[in-house]
Structures are given as structure tokens and as C-alpha cells.
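Me: Hi! I've got a structure open and would like to talk through how its pieces pack. Could you take a look with me?

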Amino acid sequence: MGAPTTREMTRTPVQTAALTVGIIFLLIGLLGFIPGITTNYGEMQFAGHESDARLLGLFQVSILHNLVHLLFGVAGVAMARSWSAARLFLIGGGVIYLVFWLYGLLVDEEGAANFVPFNTADDWLHLILGVGMIALGLLTGRSAAR
């Protein structure tokens, strides 16, 4: 392993947090497409509550749901390039996940409006992700690097 690059030496804590969260989202999105890690893989639908595939046997997923995770991952990795974009990704993404949490609580799990789809496990994970991402954005992004 060589010396760290200039980019690694100048990455701020908020950029590191955004990059880490982005990579985690990419991994989750990819894992959602792997049979065995995703149970009932043959039951996966593009979208809708009829998709009975479960990431880790717990979180209801669909192709659309996995694509959302992949898009969040790409956004996190891309936005980690600057302090302001990284902070926006964490705080803005956290707000979006809180909206997902509220949506999941309000929507009928068996109804057509549950098109992503979300189940109870997803709902609580979205709350944790939302609060966690906002906290990371606020705590690690208090001031821009000098």
C-alpha cells in the first residue's frame, strides 16, 4: 500500500460519511438481486406489493426497490466529492428516508399504493436510516474544510 493520494488526505468527515453510506446503499441494492441472500427470489416483481422477495428474509424488495438503493448509492458516491454535496446527500437523503418511513406507515401494505414495496421491517429501517443520515450530515458537516 502506497502513500495516500491527495484526495484521500483532503476528504472531510462528511465526505467520508457520504461515501460510506453510498457504498452501503450500493451493496444493499446489489444484494437484493442475489438469490439466497434475497429469499423468495422467484417471487420478485418489478414493483408492487405482490413482490414477495425478502432481502435477508426480512425486508420486502422488488426490482424498483433495489434500483432505488442503487441510485442512492451512486448519488452518495458521486456527492462525496465535495463537502457541500456530501452534506446535502446525508441531510437531504435522510429527509427522503423519513418521508419513506411516513409513507410506509400510512400506506396499506396490501394496496396498490405500496408500489415500491415497503413492509414493517422496511418502515423501521427507513426511520433509522433517516435519523442516522441527518445526524451524520449535521455532526460531521459542521464546517467546511479549510
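Me: Which hand does the crossing of helix 4 and helix 5 have?
Reply: Helix 4 and helix 5 cross in a left-handed way. Keep in mind that this is a predicted model.

Me: Thanks! At what angle do the axes of helix 4 and helix 5 cross, and within what distance do they come?
Reply: The angle is roughly 160 degrees, and the two axes come within 7 Å. Helix 4 covers residues 83–106, while helix 5 covers residues 120–140. Angles over 145 degrees count as roughly antiparallel, so helix 4 is roughly antiparallel to helix 5.

Me: And how many nonpolar, polar and charged residues are in that contact of helix 4 with helix 5?
Reply: The contact has 17 nonpolar residues, along with 7 polar and 2 charged ones.

Me: What about helix 2 and helix 4, how do their axes cross?
Reply: Those axes cross at roughly 50 degrees and come within 8 Å. Helix 2 and helix 4 are therefore oblique to each other. Helix 2 passes helix 4 in a left-handed crossing.

Me: Which residues of helix 2 and helix 4 meet there?
Reply: From helix 2 you have Val14, Gln15, Ala17, Ala18, Val21, Gly22 and Phe25. Their partners in helix 4 are Trp83, Ala86, Arg87, Phe89, Leu90 and Tyr97. By class, the contact of helix 2 with helix 4 comes to 10 nonpolar, 2 polar and 1 charged.

Me: Switching to the core: which residues of the largest nonpolar core touch the most other members?
Reply: That core has 13 residues, and the ones touching the most other members are Ala18, Val21, Phe25, Phe89, Leu90 and Met133. Helix 2 (13–31) and helix 4 each supply at least two residues of this core. Helix 2 gives the most, with 6 residues.

Me: Which residues does the second core include?
Reply: The second core is separate and has 5 residues, among them Met44, Leu55, Phe59 and Val61.

Me: Zooming out, how many helices and strands are in the chain?
Reply: There are 5 helices and 3 strands. Along the sequence, the pattern reads α-α-β-β-β-α-α-α.

How values were computed. Residues numbered from 1 in each chain as written. Predicted model: local features only at pLDDT ≥ 70, side-chain atom pairs only at ≥ 80, totals over all residues. Heavy atoms only, no water. Axes fitted to C-alpha atoms, helices over the stretch in contact; angles between N-to-C directions. Helix = DSSP H or I, 4+ residues; strand = E, 2+ residues; numbered from the N terminus. Parallel < 35°, antiparallel > 145°, perpendicular 65-115°, else oblique. Left-handed = near helix turned anticlockwise from the far one by under 90°. Nonpolar A, V, L, I, M, F, W, Y, C, P; charged D, E, K, R; others polar. Core = buried A, V, L, I, M, F, W, Y, C linked by side-chain atoms within 4.5 Å. Buried < 20%, exposed > 50% of the residue type's maximum accessible area, 1.4 Å probe, protein only. Contact = heavy atoms within 4.5 Å.
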